[in-house]
Every structure is written in C-alpha cells, then in structure tokens.
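Let's take a friendly walk through one protein model. Have a look at the picture first, and then read on.

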Amino acid sequence: MTATVSASAEMSGDPVAPASATPLIEAVHAGRVLGGTVPVTLVKDATFAVGRGEFVAITGPSGSGKSSLLYLLGLLDPPTSGEIRIAGRETASLDDDARAALRLATLGFVFQFHFLLPEFSALANVMIPMRRLGRRTEAEMRARAEEILAALGLADHGHKRPDQLSGGQRQRVAVARALANDPPVILADEPTGSLDSKSTGQVFDILDGLVRRDGRTVIAVTHDLDLAARMQRRIHLVDGLIVSDRPASEPVRTGPLL
Ligand SMILES: Nc1ncnc2c1ncn2[C@@H]1O[C@H](COP(=O)(O)OP(=O)(O)O)[C@@H](O)[C@H]1O
Ligand SMILES: [Mg+2]
C-alpha cells in the first residue's frame with residue numbers, strides 16, 4: 001500500500017512554513033495541574049523540541065500522563081505552567097479562534113477510538129476538518145478527501161458509514177481525517193491500541209510513511225514497546241515527568257547507571 005499523501009500546493013500559505021531550523025513543536029517547562037481540594041498533577045516541567053520529519057514515541061505506564069502531554073502539545077488543553085510553542089510561536093496569548101485555526105492547519109489528531117461521526121460516510125468524516133478550516137470549496141474538499149482515502153487503500157470505501165467498516169479500516173479513515181488539512185504534524189494517542197496485529201501493522205506503516213515519504217512529523221503515544229522501538233525517538237514518562245528522551249534504538253535509562 002502506498003501511503004504517500006502529497007502536500008498540496010497551498011502549503012505555500014502554510015502558517016508554519018519553515019523560516020529556519022525552528023522546531024515545529026516545543027514544550028518549555030510545560031506543566032498541567034488540575035486545581036481542586038486535592039490538586040492532580042498531570043504533567044510536570046516538560047521541556048523538549050520536535051522538528052520536521054521526526055517520528056517520536058511517547059511511552060510510560062498507564063496513568064503516567066502520556067495523553068495529558070499529547071493534549072498539551074495539541075493545544076487541546078492549556079498548560080498551567082510554562083508554554084507550548086508551535087513553529088516558534090508562543091500559543092497562550094492566542095484567542096480561541098486563532099488557536100483553533102492554528103490547530104486545524106498544523107496538527108492532525110488520531111485517537112485510540114476513531115471518534116468518527118457514526119451517521120456520516122467515511123468521505124464526509126474526512127471532509128469535516130476541511131469544512132472547519134473553511135479554505136476549500138465543496139468540490140475541492142471532496143476531491144482531497146477522495147485522494148487521501150485512496151492513498152490509504154480505502155478508495156472503494158468512501159461512501160460507507162463507520163459501522164460498515166472493519167476496525168482497521170475505521171482507524172485508517174481516522175488517519176485520513178487527520179491528514180485532511182495537510183498538517184505538518186500528526187499527534188496520535190494509542191492509534192493502534194484497539195487493533196489486531198495485522199491492522200496495527202498497516203496503521204503503523206501508514207504513520208511511518210507519513211514521516212519517511214511525506215516528511216511529516218508524527219508523535220505517537222503507545223504502550224507497545226515493539227512499535228516504540230521502530231520509531232526514531234522515545235520520550236518516556238513516569239508520574240507526569242519525562243525521565244528519558246533518547247533515540248528509540250537505545251534502551252530507556254531512568255536512573256543513574258550503577
Ligand atoms: N480530568 C481528570 N481529572 C482527574 N484526574 C485526571 C484527569 N485526567 C487525567 N487524570 C489523571 O492524571 C493521570 C495521567 O492521566 P493520562 O494523561 O490520561 O495518563 P496516560 O495517558 O499515561 O494513561 C492519571 O493518573 C489520570 O487518572
Ligand atoms: Mg492515555
């Protein structure tokens with residue numbers, strides 16, 4: 001299967017066109033604490049930068065803050081300390097509309113459970129982020145959705161509703177939706193977490209192709225250490241804290257070497 005989904009010509013209007021080697025996403029002492037009688041710390045003092053074309057795994061035990069960190073990077077939740085920068089731009093001062101526009105144009109999301117709208121066809125689901133961004137005509141949106149679905153091996157399935165597709169096909173539609181606005185970054189939270197091994201392999205190969213062939217950046221939360229080892233870099237969390245950030249081929253070291 002070819003997963004190449006070509007960058008569209010309008011990338012020239014890309015709000016995050018590379019001016020230099022500025023990282024695409026940066027967390028700078030970013031943290032998130034939920035207030036309340038007993039405050040809950042989700043993420044502590046995360047500082048790292050991710051550039052174009054990186055394939056990054058976020059790993060850690062259940063409850064270690066992986067999803068919380070991904071939601072910070074994706075501007076879905078605001079940090080309560082520190083900041084998240086997209087293409088060098090600080091994001092806290094953006095108003096809701098500007099933040100939503102930046103998110104739609106820059107970041108595509110894939111979740112463990114596909115979150116496709118059940119009453120919509122696959123094609124209509126893929127068109128949703130394009131409709132929200134509002135930069136294409138109906139015909140352009142439809143053509144782009146068909147192009148992406150075809151690139152992900154779903155050319156004959158665009159008219160089907162999610163309940164008429166297999167789990168692996170649904171997750172590929174979710175990847176297609178994430179690619180709708182041609183974002184340079186894909187953020188994925190356990191994208192293969194509910195799939196069998198064959199579909200896991202297909203979805204992983206698609207994500208890998210987005211990095212290797214398209215030059216996109218993919219940051220994926222996974223508890224599958226075999227998959228993490230096939231990515232380039234692994235950020236490991238324990239109790240909301242990054243305890244290791246190294247090439248995925250190297251073992252995670254979380255303490256002093258004795
Ligand atoms: N809205 C919330 N209210 C209270 N606790 C939460 C909330 N969201 C997450 N948590 C807690 O924060 C910790 C980190 O959660 P999460 O980021 O989902 O971890 P992971 O994705 O690594 O399993 C967990 O202990 C979780 O129970
Ligand atoms: Mg999670």
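Helix 5 (residues 167–178) and helix 6 (residues 197–212) pack at an angle of about 15°, with axes 9 Å apart. Axes here are lines fitted to C-alpha atoms, for helices over the stretch in contact, and angles run from 0 to 180 degrees between N-to-C directions. Because angles under 35 degrees count as roughly parallel, helix 5 is roughly parallel to helix 6. Here is who touches whom, contact meaning C-beta atoms, placed from the backbone, within 7 Å:

| Helix | Contact residues |
|---|---|
| Helix 5 | Gly167, Gly168, Gln171, Arg172, Val175 |
| Helix 6 | Ser199, Gln202, Val203, Ile206 |

Keep in mind that this is a predicted model: local features need pLDDT of at least 70, side-chain atom pairs count only at pLDDT 80 or more, and totals for chains, interfaces and linings use all residues. Residues are numbered from 1 along each chain as its sequence is written, while chains are lettered from A and ligands numbered from 1 in the order in which they are written. Helices (H or I, at least four residues) and strands (E, at least two) are DSSP runs, numbered from the N terminus.

Strand 4 (residues 81–86) is joined to strand 5 by 2 bridges, and Arg85 has Glu90 as its bridge partner in strand 5.

Conventions. Parallel < 35°, antiparallel > 145°, perpendicular 65-115°, else oblique. Contact = placed C-beta atoms within 7 Å. Pairing = 2+ DSSP bridges.
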